[in-house]
Amino acid sequence: MSLIRVKDRDFKRSITAEQIAERIQAIAAQIVEKFKDKDPLFLVVLNGSFVFAADLLRQVNISCGVSFLKMSSYEGMSSTGAIKQLIGLNEDIAGRNVVIVEDIIDTGYTMQHLYQTLQDKNPASLSIVTLLVKPDSLRVDLHIDYSCFHIPNDFIVGYGLDYDGYGRNLPEIYTVVAEG
Ligand code: 5GP
Ligand code: MG
């Protein structure tokens, strides 16, 4: 078992670089097949997706646009959870075949809100690709077109995802080790 320390917590390796590369290759092939003649626009959700998007999109060797957006970290609580606002999208997505590139879907509230916000801008189609899904945590009805891994409800770090700002540069994915 490969153990590391990020800030003040221990993590153990749960998905290797080799496993990640293998899944990305498979997903990229599906995306190429589906979108090769569709002039897609990939919208990468910062910050956590930057590593995944870099690896995925370098294998999506078709004509496409790539842009970036962010869901603000402001969290006003409502009955349905944290409400985040879309910021940084400069493209006109009307009539485009848009593919959202996300790092992880946990409860799904963030993605549901983003999906609806983008849908209101009238894209020709709207699809979701995510590196990770926590199916047991999912609280909304969401059609996830492409996902690389389904994982348990434990906190993970690495490959773009952070623990309090640290660990994004780890090349593999690590799961927190319970304390005590
Ligand atoms: P959701 O709205 O789906 O519950 O939350 C999605 C967001 O929660 C992700 O974009 C990510 O920022 C954060 N998140 C959820 N689970 C994890 C995790 O295990 N590790 C990290 N680093 N972030 C997570
Ligand atoms: Mg994210």
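Predicted model: local features only at pLDDT ≥ 70, side-chain atom pairs only at ≥ 80, totals over all residues.
Colleague: Let us start with the ligand. Which residues come nearest to ligand 1?

Modeller: There are 14 residues around ligand 1. Thr-107, Thr-110, Lys-134, Ile-156 and Asp-162 come nearest.

Colleague: What polar side-chain atom lies 2.5 Å from an oxygen atom of ligand 1?

Modeller: Look for pairs of N or O atoms within 3.5 Å. Here, that polar side-chain atom belongs to Thr-107. A polar backbone atom of Asp-106 is 2.9 Å from an oxygen atom of ligand 1. A polar backbone atom of Ile-156 is 2.8 Å from a nitrogen atom of the ligand.

Colleague: How much of the accessible area of ligand 1 does the protein cover?

Modeller: On its own, ligand 1 has 510 Å² of accessible area, and the protein covers 80% of that. The ligand takes up the space of the largest pocket.

Colleague: Which elements give two or more residues to the shell around ligand 1?

Modeller: Strand E8 (97-105) and helix H3 (109-119) do. E8 gives the largest share, three residues.

Colleague: How do the residues of that shell divide into nonpolar, polar and charged?

Modeller: Six are nonpolar, three are polar and five are charged.

Colleague: Now the backbone. What should I expect of phi and of peptide bonds?

Modeller: Most residues other than glycine have a negative phi, and most peptide bonds are trans. Exceptions deserve a look.

Colleague: Which peptide bond is cis?

Modeller: The bond from Leu-46 to Asn-47 is cis, with omega near 5°. Asn-47 sits in the loop between strand E3 (41-46) and helix H2 (50-57).

Colleague: And where is Tyr-159 found?

Modeller: Tyr-159 is in the loop between strand E11 (156-157) and strand E12 (173-176). Its phi is positive, about 50°, although Tyr-159 is not a glycine. Asp-164 is found in the loop between E11 and E12. Asp-164 also has a positive phi, near 55°, and is a residue other than glycine.

Colleague: Is Tyr-159 buried or exposed? And Asp-164, buried or exposed?

Modeller: Compare the relative accessible area with two cut-offs: under 20% is buried, over 50% is exposed. Tyr-159 has 4%, so Tyr-159 is buried. Asp-164 has 53%, so Asp-164 counts as exposed.

Colleague: Let us finish with a helix. Where is Ile-31 found, and is Ile-31 buried or exposed?

Modeller: Ile-31 is in helix H1 (residues 17-35). Its relative accessible area is 0%, so Ile-31 is buried. Ile-31 and Gln-59 are 28 residues apart along the chain, with their C-alpha atoms separated by 9.7 Å.

Methods: Residues numbered from 1 in each chain as written. Chains lettered and ligands numbered in written order. Heavy atoms only, no water. Near = heavy atom within 4 Å. Polar contact = N/O pair within 3.5 Å; in protein donor to acceptor, adjacent residues only side chain to side chain. Areas by Shrake-Rupley, 256 points an atom, 1.4 Å probe, with all protein chains shown as cover. 1 Å grid on protein atoms, 1.4 Å probe; cavity = no way out; pocket = protein on both sides within 12 Å on 5 of 7 lines; lining within 4 Å. Sits in = over half its atoms within 2 Å of the grid points. Helix = DSSP H or I, 4+ residues; strand = E, 2+ residues; numbered from the N terminus. Nonpolar A, V, L, I, M, F, W, Y, C, P; charged D, E, K, R; others polar. Buried < 20%, exposed > 50% of the residue type's maximum accessible area, 1.4 Å probe, protein only.
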